[in-house]
Amino acid sequence: MTLQIVLTVAAALVGVGLFGALSQQSIVMVMMGLELVVNGVLLGAGAAWYFLSPGTPDAQMLVVVALVVMAVEMVMGFAATIAIYRTRQVDMVDMATELHG
């Protein structure tokens, strides 16, 4: 596997994620698109660090830490989405613009 293949897959993930985030009206689908974007960026960064500086696991550990932080942020986002859905019974982005109490 070469760096070009991995970067192509990462770019495809970012492209599909951006399309999904920008074209969907459901909050859950927007968040899933953003998750794909984050995963694509982290895959590209990890692959670049792996292929450009082999033998140094520091950068890969940074990618793992960033992946964990992004996963926690997505969990918090899904929790906020579920809270909005339970209180307002809306799943559409246009209807959930007013977030004050």
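Predicted model: local features only at pLDDT ≥ 70, side-chain atom pairs only at ≥ 80, totals over all residues.
Residues are numbered from 1 along each chain as its sequence is written, and side-chain values use heavy atoms, with hydrogens and water left out.

The secondary structure of the chain consists of three helices and zero strands, where helices (H or I, at least four residues) and strands (E, at least two) are DSSP runs numbered from the N terminus. The order of elements from the N terminus is α-α-α. The mean pLDDT of the chain, a confidence given by the predictor to each residue on a scale from 0 to 100, is 83. A score of at least 70 is reached by 89% of the residues. Confidence is highest in α1, with a mean of 92, and lowest in α3, with a mean of 82.

Of the 101 residues in the chain, 26% are buried. Buried denotes a relative accessible area under 20%, exposed one over 50%, and partly exposed a value in between (1.4 Å probe, protein chains only). The accessible surface of the chain, calculated by the Shrake-Rupley method with a 1.4 Å probe, is about 6900 Å². Carbon and sulfur atoms account for 75% of this surface. Contacts are defined by heavy atoms within 4.5 Å. Among those between residues at least 6 apart in sequence, 62% join residues at least 24 apart.

Helix α1 covers residues 3-23. The expected span of a helix is 1.5 Å times one less than its number of residues. For the 21 residues of α1 this gives 30 Å, and the end C-alpha atoms are 30 Å apart, in agreement. The buried residues of α1 are L3, V6, A10, G17, G20 and A21. Viewed down the axis of α1, these buried residues fall within an arc of 130°, so they line one face of the helix; the arc is taken from the directions between the helix axis and the C-beta atoms. An α-helix has 3.6 residues a turn, so residues three or four places apart point the same way. On the face of α1 turned away from the buried side are the exposed residues Q4, T8, V16, F19 and L22. The buried residues of α1 pack against α2, which comprises residues 27-52.

The 26 residues of α2 should span 38 Å, and the end C-alpha atoms are 37 Å apart, which agrees. Buried positions in α2 are I27, V30, M31, G33, V37, V38, G40, L42, G44, G46 and A47. These buried residues pack against α1 and α3. M32 also lies in α2 and is partly exposed, with a relative accessible area of 45%. The C-alpha atoms of M32 and F78 are separated by 9.6 Å, although the two residues are 46 residues apart along the chain. L52, likewise in α2, counts as exposed at 67% relative accessibility. Its C-alpha atom is 8.9 Å from that of L3, at a separation of 49 residues along the chain.

Helix α3 contains 31 residues (58-88) and reaches 45 Å from its first C-alpha to its last, close to the 45 Å expected. Its buried residues are A59, V63, M74, G77, T81 and I84, and they pack against α2. T81, in α3, counts as buried at 9% relative accessibility. When residues up to four places away in sequence are not counted, T81 touches I27, V28 and M31. Just after α3, Q89 takes a positive phi of about 60°.
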